[in-house]
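These are my notebook entries on a single structure.

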Amino acid sequence: MTSLPTIATVIGSGTMGPGIAATLARAGATVRLYDISDEAIARAESAYGIVTGVLEAVGSPTVPGGSVSFGTDLDEALAGTGLIIEAVPEKLELKQKVFADIEARVGDDVIIATNTSGIPITTMAESMSHPGRLIGMHWSNPPHLIPMIEIIPGQATDLALVDKLVEIVKAFNYTPVVEKEIPGFVENRVLYAILRECMALLEEGIVTPEGLDACVKWGIGYKLSVVGPTRLLDMAGLDIYQAVSSYLNKELDVSTDTPQFIKDKIAAGQLGFKSGGGMYEYGEGDVDAKRKEIITGLIAARKTLSSIPNV
Ligand SMILES: NC(=O)c1ccc[n+]([C@@H]2O[C@H](COP(=O)([O-])OP(=O)(O)OC[C@H]3O[C@@H](n4cnc5c(N)ncnc54)[C@H](O)[C@@H]3O)[C@@H](O)[C@H]2O)c1
Ligand SMILES: Cc1ncc(CO)c(C(=O)O)c1O
């Protein structure tokens with residue numbers, strides 16, 4: 001008997017929503033993908049075949065009977081739902097408004113999971129009539145490929161939800177990681193510590209973007225994709241870590257703001273893939289080609305990593 005609710009609702013059909021919906025549908029759930037934007041829903045509907053093709057390519061197990069419906073009617077999206085996953089923009093007030101709209105339409109027992117990247121669950125729950133029902137469920141992009149989800153209870157979260165969500169995540173063969181609440185949670189704190197040092201190295205001209213990507217991808221990403229950081233310490237030797245950290249930690253970047261050169265790029269409209277240029281420049285067709293290369297690489301890596309022992 002699966003722990004996955006028969007009906008699930010995903011609120012927000014942007015970068016994350018469609019992949020979340022497809023992953024749940026593949027596990028047999030009837031999923032309603034909802035957005036306020038007709039264009040967002042249309043984009044998700046037209047791209048659905050690509051997303052399901054990726055799930056097929058990584059050999060994601062299929063439970064028959066799953067489906068995704070697409071719509072802009074909230075009442076329809078919430079009817080009979082057992083699990084709601086919120087994936088609207090990272091704005092506290094917007095999320096709280098969405099939770100209020102949801103709470104007015106569903107029973108007190110329906111789980112509301114937020115895909116926030118790091119806004120404290122406790123803070124978001126303060127405006128809710130039933131704060132115990134809100135829990136953090138942080139997927140990583142692309143959600144239909146990265147098979148790890150952070151589960152973060154807030155101070156008001158009904159702790160029975162933690163075990164329930166762990167079983168739901170396992171029901172679609174993802175790895176749940178239960179964490180204490182801290183701004184940014186675990187994944188983004190580690191990622192943003194890495195990105196902070198990377199940006200400082202670029203800003204100081206220590207390395208080129210291409211050199212940085214090659215160094216981090218092969219020197220760190222490749223190794224950490226097989227050996228996690230705590231196991232790595234055993235592999236390297238805690239004495240080595242002590243010797244190096246004793247002089248290196250005080251040298252690491254401790255900036256508390258976004259680097260100026262990044263702010264300058266944003267001010268110039270250079271946002272990355274979404275604007276045709278950011279850290280790199282992209283010509284006609286380059287972004288689609290790069291997106292395809294990234295997905296192809298993630299599929300190949302996922303299949304290989306799934307086939308080796310968890311060290
Ligand atoms: N993009 C990522 O890499 C990533 C990864 C993990 C988590 N997240 C988090 O997931 C959430 C969504 O991120 P995203 O990148 O998918 O955002 P996005 O901006 O790509 O998509 C958000 C979608 O929500 C819709 N929306 C806005 N207001 C709404 C409302 N009131 N009701 C329903 N839909 C509404 C928008 O129309 C849009 O389609 C954020 O909290 C973000 O921090 C993002
Ligand atoms: C740069 C960056 N920031 C946040 C997130 C997730 O919350 C991601 C990701 O999931 O990849 C990211 O790349």
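Entry 1: I began with H138 and found it buried, with a relative accessible area of 4%. It counts as buried because this value lies under the 20% cut-off. I note that the model is a predicted one.

**Entry 2: position.** I looked up where H138 sits in the chain and found it in strand 6, which covers residues 134-138.

**Entry 3: polar contacts.** Which side chains make polar contacts with the side chain of H138? I found E150, joined to H138 by a polar contact of 2.6 Å. I also found E187, whose side chain makes a polar contact of 3.5 Å with that of H138.

**Entry 4: other neighbours.** I set aside the residues within four places of H138 in sequence and listed its contacts. Among them are T114, N115, T116 and S117, as well as M148, I149, I152, F185 and N188.

**Entry 5: the ligand.** I turned to ligand 1 and recorded 24 residues around it, of which T15, D35, E90, K95 and S117 come nearest.

**Entry 6: distances to the ligand.** For E90, I noted a polar side-chain atom 2.5 Å from an oxygen atom of ligand 1. For S117, the corresponding entry is 2.7 Å, and for an N or O atom in the side chain of K95 it is 2.8 Å. Ligand 1 taken alone exposes 830 Å², and the protein buries 77% of that.

**Entry 7: the shell.** I sorted the shell around ligand 1 into 11 nonpolar, 10 polar and 3 charged residues. Helix 4, residues 92-103, supplies the largest share of this shell, with 3 residues.

Note on methods: Residues numbered from 1 in each chain as written. Chains lettered and ligands numbered in written order. Predicted model: local features only at pLDDT ≥ 70, side-chain atom pairs only at ≥ 80, totals over all residues. Heavy atoms only, no water. Helix = DSSP H or I, 4+ residues; strand = E, 2+ residues; numbered from the N terminus. Buried < 20%, exposed > 50% of the residue type's maximum accessible area, 1.4 Å probe, protein only. Polar contact = N/O pair within 3.5 Å; in protein donor to acceptor, adjacent residues only side chain to side chain. Contact = heavy atoms within 4.5 Å. Near = heavy atom within 4 Å. Areas by Shrake-Rupley, 256 points an atom, 1.4 Å probe, with all protein chains shown as cover. Nonpolar A, V, L, I, M, F, W, Y, C, P; charged D, E, K, R; others polar.
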